[in-house]
Amino acid sequence: MKNGLDMVMDDETSAKEKQRNSDKISNLPDSLLCKILSNLSTKESVCTSVLSKRWRNLWLHVPALDLDSNNFRDDDSFVNLLDKFLGSDNDQQHLKRFKLIYEVYEHDASRFKSWIDAVVRRRVCHLDLHNEVDDDDLVKMPLSLYSCERLVTLNLYRVFLDLPESVSLPCVKIMHLDMVKYYGDSTLEILISSCPVLEELTLARDPNDSLEAVNVHSQSLKSFKINSERYESEGHSVEIDAPRLECMTLCDHRSDSFVIHSIGPSAKVDIDVIFNVEYCEPLEPDDSSKISMLGKFLTGLSTVSDMIISAATLKVIHDFCKMEQLPQFSNLSRLHASFQETSWEMLPIFLESFPNLNSTVLEFNCLPETEQVDLSTVPQCFQSSLEFVHLKTPYVVNIQKEGRPLTGTSSKMKLAKYFLENGASLKRLTVSASFCNIINQINLIPRSSTRCEVVMD
C-alpha cells in the first residue's frame, strides 16, 4: 500500500505528464491545430477558445463549419457566430466543409445570400444546406453557387434554384437536391449537364417544384435516384441519357413518360413507376402512345444485370404483355420482383424474358386460388441458369370463402412444385416462414435438380 509521500509524488508525476502533453499540443503550428479541430464539431471547436489567448480565435481559421440553429438558445447567438466566422478576414483560406441547418425566411434572404457568397469565395469543397422553412416561398440560392470551382459535394434541401447565366462546376461529383424548387426545366438540365465529372445524382421532388421534364444528360454519371410521390398532374416526363450509369432508382408515381436513351451495359436498377396509369384501371389497348413508350422504356432497360421491380410497375407491365411482347433481358442475372394477385398469371411469360437469370426473389402480396394460376410453361432459365429462388408470401389470417378459411396452402404448394419439378439447375429454394405449415410436404416434392436444397428463412 502506498504511503502519503508516494501518493503526492504520483500526483506530481501525473501533473507533469499532463503538462508535457499540453506543451506538445501547444508547440504544434496553427495550421495543424486547425486541421485537428476540423475533425471536431463546430460547437466543440468553439469551446477551445477558452483554453488560452492563443486558442481564442483559432476556431475562426478551421476549414470546416457545421451548424444547426436548433442547437442555439436563440437566433441572435446563432447569427452572430456565423457572421463572425464568415466575416473574419479569411477570404483567402479555403473551406473544406460547410453545413448549415437553418430556417431561412424571406427577411433573411439578404443575410443568407451574403453567407453563401462568402462560402463560395472561400472555395468550399462540400456544401450542405438544409432549410427548415415549410413555406411555399423558398429562399433563392445566390447565382454565385454556379461558379464554385472547387465544389465536390452539393446537398440542398428546400431552396429555390434560379436560372443560371452560366455554370462552372468542374469538380462536382455528388449532388443531392431534396424538395428543391426550380425556375424551370432548363435550370435543372443545365445544372446537371454543366457538371462534367458528376457521378451521383439524387432528386427528391417537391410537388410544386415547377418541373415538367426531368432531363438527365451526363457522360460521367454512375448513380441516379429520383423519388416523386403521386400528385394529380399530367405531362410530366423523365429522360435519361447516361451511358456510364451503374445504378438507377426510379421511384416515381407522378411522371407519365420515361425515356431511356442510354445507361451502362450492366447496370443495377430499382423500378417503381406507374406511368400515370390510374390505380385499379388497366392500360387501354387504344392508348397507342403509352404502349409504344412502355415498349421503348423496357427495351432501354434490357441490358441491365440486376433489377428490382415493384408490384405497381408489374401490374402495368402485365397489361402491356397482353398487347405486346416483352423484350429479352439477356444480361439479367439477379431479379427481385413483387406480384399482385392479378399478376400471377404472367409469371412464366415474365421469367421467359430472362434467359440467363441466376438468382431471383419473388414476393406475392396476395394468394389466389390454385385454379386461377397456370404454371404449365417452363421458362428457358429453369433449364440452364436459375440456381437460387426465394419465395415470399404473406400469412393469410381470418379470411373466409364459402364458410372455410383461406390459408393459401394450395397456391404455395403449386409455386414450390413449379420450381422444384422444373428447375434443372436449381441449387437452393428458400421459402418464407409463411410456408411453415407445408414445409414437410415441400421436402417430399420430386426435384429436377438432385443438388437442390429447400430452406425456410
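# Charges and rings in a predicted model

User: Which residues form the negative surface patch?
Analyst: Asp75, Asp76, Glu103, Asp134, Asp135, Asp136 and Asp137 make up a negative surface patch. Keep in mind that this is a predicted model.

User: Where does aspartate 134 lie?
Analyst: Aspartate 134 is in the loop that runs between strand S3 (126-131) and strand S4 (153-157).

User: And is aspartate 134 buried or exposed?
Analyst: Aspartate 134 counts as exposed, because its relative accessibility is 67% and the cut-off for exposed is over 50%.

User: Switching to salt bridges. How many does the structure hold?
Analyst: There are 10 salt bridges in the structure. One of them joins lysine 113 to aspartate 117, with the closest N and O atoms 2.8 Å apart.

User: Where do lysine 113 and aspartate 117 lie?
Analyst: Both are in helix H5 (residues 109-121), and they are 4 residues apart, which is about one turn of the helix.

User: How accessible are lysine 113 and aspartate 117?
Analyst: Lysine 113 is partly exposed at 43% relative accessibility. Aspartate 117 has a relative accessible area of 15%, so it is buried.

User: What does arginine 334 form with aspartate 306?
Analyst: Their side chains meet in a salt bridge, at 3.3 Å from N to O. Aspartate 306 belongs to strand S15 (residues 306-309) and arginine 334 to strand S16, so this pair ties together parts that are 28 residues apart in sequence. Aspartate 306 counts as buried at 16% relative accessibility, while arginine 334 counts as partly exposed at 46%.

User: What about lysine 322 and aspartate 319, how far apart are N and O?
Analyst: The distance is 3.9 Å in that salt bridge. Lysine 322 counts as exposed, with 58% relative accessibility, whereas aspartate 319 counts as buried, with 9%.

User: New topic: how many aromatic pairs are found?
Analyst: Searching the whole structure gives 13 aromatic pairs. Among them is the pair of phenylalanine 329 and phenylalanine 354, which is edge-to-face, with 5.3 Å centre to centre and 65 degrees between the planes.

User: Which parts does that pair tie together?
Analyst: Phenylalanine 329 is in the loop between helix H8 (311-321) and strand S16 (334-339). Phenylalanine 354 is in the loop between helix H9 (347-352) and strand S17 (359-364), so the pair ties together parts that are 25 residues apart in sequence.

User: Are phenylalanine 329 and phenylalanine 354 buried or exposed?
Analyst: Both phenylalanine 329 and phenylalanine 354 are buried.

User: Which residues form the aromatic cluster?
Analyst: Phe329 and Phe354 are in one aromatic cluster together with Phe339, Phe350 and Phe364.

Key. Residues are numbered from 1 along each chain as its sequence is written. This is a predicted model: local features need pLDDT of at least 70, side-chain atom pairs count only at pLDDT 80 or more; totals for chains, interfaces and linings use all residues. Side-chain values use heavy atoms; hydrogens and water are left out. Patches are made of residues with over 30% relative accessible area and no salt bridge: like charges are joined within 9 Å, nonpolar side chains (Val, Leu, Ile, Met, Phe, Trp, Tyr) within 5 Å. Accessible areas come from the Shrake-Rupley method with a 1.4 Å probe; for residues, only the protein chains shown count as cover. A salt bridge is a side-chain nitrogen of Lys or Arg within 4 Å of a carboxyl oxygen of Asp or Glu. Lys and Arg count as positive and Asp and Glu as negative; His and the chain ends are not counted. The place of a charge is taken as NZ of Lys, CZ of Arg, CG of Asp or CD of Glu. Helices (H or I, at least four residues) and strands (E, at least two) are DSSP runs, numbered from the N terminus. Buried means under 20% relative accessible area, exposed over 50%, partly exposed in between (1.4 Å probe, protein chains only). Rings of Phe, Tyr and Trp (its six-membered ring) pair if their centres lie within 6.5 Å; planes under 30 degrees apart count as stacked, over 60 as edge-to-face and the rest as tilted.
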